[in-house]
Every structure is written in C-alpha cells, then in structure tokens.
Amino acid sequence: MNDKLHLTPEDQFPENLKNVSDNELQVLDSRIQRQLDHEMVVDGESDRETEFRHYELDEEFQDRDKR
C-alpha cells in the first residue's frame, strides 16, 4: 500500500473494486476524499477523474452495505 495520504488522478486505481478488501476500500476512500479536498483548496474545483473515483467508491460501499 502506498504511504501517500491522497490519491492523485495520475496514481493507479483498482480496475475492479470488488477485489479490494473492506479495509483497503476504506483507505482508498480516505485518500480520494483528501485529494478532493486538496483540489478544491488549490484549484477551486475537483478533477473529473477524482470525482469519478469518489463516485465508484460510493457505489461499492452501497453494494457492500446491501450484503
């Protein structure tokens, strides 16, 4: 696992979140949220890739909550 606290749009992101453990998914979510916060402060808006990743994570969390 990477030690960075945020995940830039250029960093690797899992192609299939179903293969990611619950703990790793939570870490990814935290890193994406930190990146969104960073982009808003520095750029005044979020990057589309970061927004897409955030949406994908939310969908995966919802799917897992249904199980």
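How far apart in helix H2 are Glu 60 and Arg 64, in residues and in helical turns? I looked this up to begin: the two are four residues apart, so about one helical turn separates them.

**Entry 1: what I am looking at**

This is a predicted model, where local features need pLDDT of at least 70 and side-chain atom pairs count only at pLDDT 80 or more, while totals for chains, interfaces and linings use all residues. Residues are numbered from 1 along each chain as its sequence is written, and side-chain values use heavy atoms, with hydrogens and water left out. For helices I follow the DSSP runs (H or I, at least four residues; strands are E, at least two), numbered from the N terminus.

**Entry 2: salt bridges**

I counted a salt bridge when a side-chain nitrogen of Lys or Arg is within 4 Å of a carboxyl oxygen of Asp or Glu. The structure has six of them.

Back to my opening pair: Glu 60 and Arg 64 form a salt bridge, with 2.8 Å between the closest N and O atoms. Both residues are buried; I use that word for under 20% relative accessible area, exposed for over 50%, and partly exposed for in between (1.4 Å probe, protein chains only).

Next I checked Glu 49 and Arg 53, whose closest N and O atoms are 3.1 Å apart in a salt bridge. These two are also in helix H2, four residues apart, so about one helical turn lies between them. Glu 49 is partly exposed at 32% relative accessible area, whereas Arg 53 is buried at 5%.

Then I found Asp 63 and Lys 18 in a salt bridge, at 3.7 Å from N to O. This pair links distant parts of the chain, 45 residues apart: Asp 63 sits in helix H2 (residues 48–66) and Lys 18 in the segment before helix H1 (22–43). Asp 63 counts as partly exposed because its relative accessibility is 30%.

I also noted a network of salt bridges that links Lys 18, Asp 22, Glu 60, Asp 63 and Arg 64.

**Entry 3: H1 against H2**

I looked up the packing of the two helices: the angle is about 145 degrees and the axes are 10 Å apart. Axes here are lines fitted to C-alpha atoms, for helices over the stretch in contact, and angles run from 0 to 180 degrees between N-to-C directions.

For contact I took heavy atoms within 4.5 Å. On the H1 side the residues include Leu 25, Leu 28, Ile 32 and Leu 36, and on the H2 side they include Arg 53, Leu 57, Glu 60 and Phe 61. The residues of this contact divide into six nonpolar, five polar and seven charged (Ala, Val, Leu, Ile, Met, Phe, Trp, Tyr, Cys and Pro count as nonpolar, Asp, Glu, Lys and Arg as charged, the others, Gly among them, as polar).

Ser 46 is in the loop between H1 and H2, and is buried at 18% relative accessible area. I saw that its side chain makes a polar contact with the side chain of Glu 51, at 2.3 Å. That term means a pair of N or O atoms within 3.5 Å; within protein, one must be able to donate a hydrogen and the other to accept it, and residues adjacent in sequence count only if both atoms are side-chain atoms.

Asp 11 is in the segment before H1 and counts as buried at 19% relative accessibility. The side chains of Asp 11 and Lys 4 make a polar contact at 2.8 Å. I also found the backbone nitrogen of Thr 8 at 2.9 Å from a polar atom of the Asp 11 side chain.
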